[in-house]
Amino acid sequence: MDNVLEAPPLEESLSGNAIKLRKRLLRNVGQAIADFNMIEDGDTVLVCCSGGKDSYTLLTLLMALRERAPVDFRIIAMNLDQKQPGFPAEVLPAYFESIGVEYRIVTEDTYSIVKEKVPEGKTTCALCSRLRRGIIYRTARELGATKIALGHHREDLLETLFLNMFFGGKIKAMPPKLQSDNGEHIVIRPLAYCAEADVARFARAMDYPIIPCNLCGTQENAQRKQIKALLADWERNFPGRIESLATALQNVVPSHLADGNLFNFKTLDRGAVNGDGDLVFDEEAATTIASPVTETIRWMSRGVEQ
Ligand code: SF4
């Protein structure tokens, strides 16, 4: 381990609003951890920190939760220095030391590999992410980490859902808890219930030493940007829409989709009662669903007409 210090008290100087925000985020994270059994007694959680607002927030919240958690777990913060030009390598070690967290800095020049392998003008993110994932998994193995925590929040999950639907022909989001492809690691996303706006406001209040995310020179994925704008637009026009979409991720009704692998439509017949039967015209569905749907359809048709 690179260093271990005693933790100083956290967030002493937060304003009243920021304290409320912190409470809400802690509640969201605590709920996600409980709902998905993300952290268990004796776990070593490797928290991946990029220097962005999300991972700083994740680390702060997990450290705060550890203080009051009924289970005992260890946190190791990790940063991968990919040797991108201008990366301020001293920022994260100094921050980790200031908050007294165990940490590991891994330095691997994936930047040069990506530049060498990917033709000019092509997107570098796929190879870069693959390399990064391999290094994170290897580090988790070396440190004996039982969980790998990533800082994706609610909007990241939803953007991925729409990206997969629009461009991949799949209903598939980013799960709050995931087994790695070789079965060796468990990846958790404790911010899965946290709104991005809350995370951003909290990060501003905490005045984290943010490291810019465009050092590699690659622009943010254009399709993800579009989806982000679409979701933000929906939320602006119909506040609460994002919350409803996030809730929908936890209320999947296979009998009302069209995937024969999830629901056996072929053997569906009269007689046997199916608990998920047609609710379209039921009062409850009509009052809770029809109204916002109608608004959306009206609003979308306005967009089409304009
Ligand atoms: S934006 Fe840059 S650092 Fe991030 S995944 Fe893409 S290539 Fe890698």
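User: Which residues surround the ligand?
Analyst: Thr124, Cys125, Cys128, Ser129, Cys216 and Thr218 surround the ligand. A residue is near a molecule if its C-beta atom, placed from the backbone, lies within 6 Å of it. This is a predicted model: local features need pLDDT of at least 70, side-chain atom pairs count only at pLDDT 80 or more, and totals for chains, interfaces and linings use all residues. Residues are numbered from 1 along each chain as its sequence is written.

User: How does that shell divide into nonpolar, polar and charged?
Analyst: Three nonpolar, three polar and no charged. Ala, Val, Leu, Ile, Met, Phe, Trp, Tyr, Cys and Pro count as nonpolar; Asp, Glu, Lys and Arg count as charged; the others, Gly among them, are polar.

User: Where does UniProt place the "binding site" feature?
Analyst: At Cys125, Cys128 and Cys216, in an unreviewed entry. UniProt positions use the numbering used here, feature names are shortened, and annotations may be inferred rather than shown by experiment. The three are spread over 92 residues of sequence, yet they cluster in space, with a largest C-alpha distance of 10.0 Å.

User: Which helix holds Cys128?
Analyst: Helix α5, residues 125-143. Helices (H or I, at least four residues) and strands (E, at least two) are DSSP runs, numbered from the N terminus.

User: New topic. What is the strand order in the open sheet?
Analyst: β3-β2-β1-β4-β6-β5, six strands with mixed pairing. Two strands pair if DSSP finds at least two bridges between them. The edge strands are β3 (102-107) and β5 (177-179), and each pairs on one side only.

User: In what sense do β4 and β6 pair?
Analyst: Parallel, over two bridges, between residues 147-149 of β4 and 186-188 of β6. Ile148 stands opposite Val187 in β6.

User: What about confidence?
Analyst: pLDDT is the predictor's confidence in each residue, from 0 to 100. The protein averages 87, and 85% of the residues score at least 70. Over residues 286-306 the pLDDT is below 50.

User: Where is the PP-loop motif?
Analyst: UniProt's unreviewed entry places that short sequence motif at residues 50-55. That stretch is 50% helix and 0% strand, and its end C-alpha atoms are 6 Å apart.

Key:
Contact = placed C-beta atoms within 7 Å.
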